[in-house]
Amino acid sequence: MTAVILDGIVLGLQFGLLAVGLTLVYGLGGVLNLAYGQMAVAAAIVVALAMDAGLSAGVAVGVGLLAGGLFGLLLDATLLRPVYRLRGEAQILLSLLLTLGVAFIVDGLLTWQLPLEALTLNIGGGAVEIFGVPMRRGSLWASGITVAAFVALFFFFRSTMLGRAVRSIIQDEEGARLVGIDPNRMRTMILVSSGVLAALVAVTRSMSIPVTVTSGISFTIFALIVTVVGGLGSVAGAFFAGLLLGIINTISSFYIGTFLTLIILLSAAALTILIRPSGLLGVAE
Amino acid sequence: MALLELDQVEKHFGGLPAVDGVTVWADDGEILAIVGPNGAGKSTLLKLIVGLETPSGGSVNFGGEDITQDPPHRVRQRGIAMVQQTPRSFPSMTVLENVAIGALFGRAGSHREEEEALESAEEVLSFVGLADRRLDYVGNLNLHQQRFVELARAISGQPKLLLLDEVMAGLNDAELSASIELVRTIRDRYEVTVIWVEHVMKAVMSLAERVVVLDFGKVLTEGLPEDVMREQSVIEAYLGEEIKLA
């Protein structure tokens, strides 16, 4: 049981970080980015290609994170511009349609051009015992990186003025504009960050299991479920919901079966909407 | 030259004129009240100045520059701050954080240090008398205090023009007097011009130096408060509506 829960925490941290990139973009720009998982996979492929080209793993990961950020920048500067100008239902619908299109295009290109396995990062060395459970070094590295990313995110949003400015737009965009904050600049920054986060999750994921060219859709679905449970626009909510759902995921895979796990996670999300529509820590409208 | 000049400003919503060719100005350092019955276009006029709405016609000039098409954050950085009737502070942040955001972002070329922003926020907060609440979350303050936070946030960017949209609605007598006094002190100390949309006539009579009356999106009349309130057309515009002198 301890092993299952530890595995759940490893997975949950990654779920949480994955969701941060989705939930911030939604909170800030009203964009539900269905191509989010594809951003992660595309970045993973850049890492793999960079390593094939002879770069060291560390440098290759750096290039991959850059590529993720660039993907975000590109979306922000092109397709999402008309989305930002809309409000309410029209805004969400247009963002869904446009990003779904991007997801299809990226998926198509990747499966057409590349082998199934996109990226596996082998972290060498034997298992490390934690609470008497042997853990793979890859999982520990992944968790360490993810926790460090969360610490950085919390610091940014709690303790820097730029982070507070981003939160102010999530809470009240009109109010933020009236105190001199340019929402477009903040949105660009967050879109780039979400690309980097997606890339980072793909990289840490590939330290324990291979990321494939078709992983995109499942990345997006997990991020969506965690976002719903954690609350839109909340980093802390994504963190806790990620952990919770990660643990539920491994327990259910272990005792019930993988085939039902996604249904259970989706039910958790549906239940959250019914009981607490703004999520665990979401900003109530 | 006037600090702010609105020339034949119009705004139509679906063909209906909300603001219909308004020409007003505000001189440096004056307290100008804009009054009028409900639906006269007062709040819309303020939104047109700060860029929350874009005029359908006419122009807005501030300090000799055309700001008609500027988005709100640009207008703010040029030196026009607004406090609205409904508090728009950020409830999950502390009083100090709210005001510091205004100090940091609400100024042109706002690349000042965060430290400096926090310091000037502290100073403004002690000025409005909220120093001891600076670490409280804004969501825990009452309406009157939240308005003071907004005032502090507005002046923390050291604007040249302060727009107030019915900020005295819903206050009791003591709070009203405190607010009137505060606006006057803000003007004197920070040397700002105040344009102030208000429904509470008692406050207008004791604070405004000049009054513009709007009705159906047009300027009905303007002048000294005591003169304007005696005019027959103003009394008629308010007929059917209780003039809140009390």
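The questions and answers below concern a predicted model.

Visitor: Which residues have the most contacts inside the largest nonpolar core?
Guide: The model is predicted, and its largest nonpolar core has 160 residues. Helix α1 of chain A, residues 2-29, gives the most to this core, with 13 residues. The residues with the most contacts inside the core are A:A43, A:A44, A:A202 and A:V226.

Visitor: Between which domains of chain B does this core lie?
Guide: The place of the core follows from the residues given to it, since two domains of chain B both contribute. Because both give residues, the core lies between domain 1 (1-79 + 159-246) and domain 2 (89-158) of chain B.

Visitor: With which residues is A:A43 in contact, leaving aside its neighbours within four places in sequence?
Guide: A:A43 is one of the residues with the most contacts inside the core. Once its neighbours within four places in sequence are left aside, the contacts of A:A43 are A:G64, A:L65, A:A67, A:G68, A:A198, A:A199 and A:A202.

Visitor: Against which helices do the buried residues of α3(A) pack?
Guide: Helix α3 of chain A, residues 57-77, has 21 residues and reaches 30 Å from its first C-alpha to its last, close to the 30 Å expected at 1.5 Å a residue. Its buried residues include A:G64, A:L65, A:A67 and A:G68. In chain A, the buried residues of α3(A) pack against α2, α4 (80-85) and α9 (183-205).

Visitor: Which residue just after α10(A) takes a positive phi?
Guide: The residue in question comes just after α10(A), and its phi is about 105°. That residue is A:G231.

Visitor: Which element gives the largest share of the side of chain A that touches chain B?
Guide: The contact takes 15 residues from chain A and 26 residues from chain B. On the side of chain A, the elements that give two or more residues are α7 (161-171) and α8 (173-178), and by class this side has 5 nonpolar, 4 polar and 6 charged residues. The largest share, 6 residues, comes from α7(A).

Methods
Residues are numbered from 1 along each chain as its sequence is written. Chains are lettered from A and ligands numbered from 1 in the order in which they are written. This is a predicted model: local features need pLDDT of at least 70, side-chain atom pairs count only at pLDDT 80 or more; totals for chains, interfaces and linings use all residues. A nonpolar core is a set of buried Ala, Val, Leu, Ile, Met, Phe, Trp, Tyr and Cys residues joined through C-beta atoms within 7 Å. A residue is buried if 20 or more other C-beta atoms lie within 10 Å of its own, exposed if 12 or fewer, and partly exposed in between; C-beta atoms are placed from the backbone. Helices (H or I, at least four residues) and strands (E, at least two) are DSSP runs, numbered from the N terminus. Domain bounds come from an automatic or database domain assignment. Two residues are in contact if their C-beta atoms, placed from the backbone, lie within 7 Å. The expected span of a helix is 1.5 Å times one less than its number of residues. Ala, Val, Leu, Ile, Met, Phe, Trp, Tyr, Cys and Pro count as nonpolar, Asp, Glu, Lys and Arg as charged, and the others, Gly among them, as polar.
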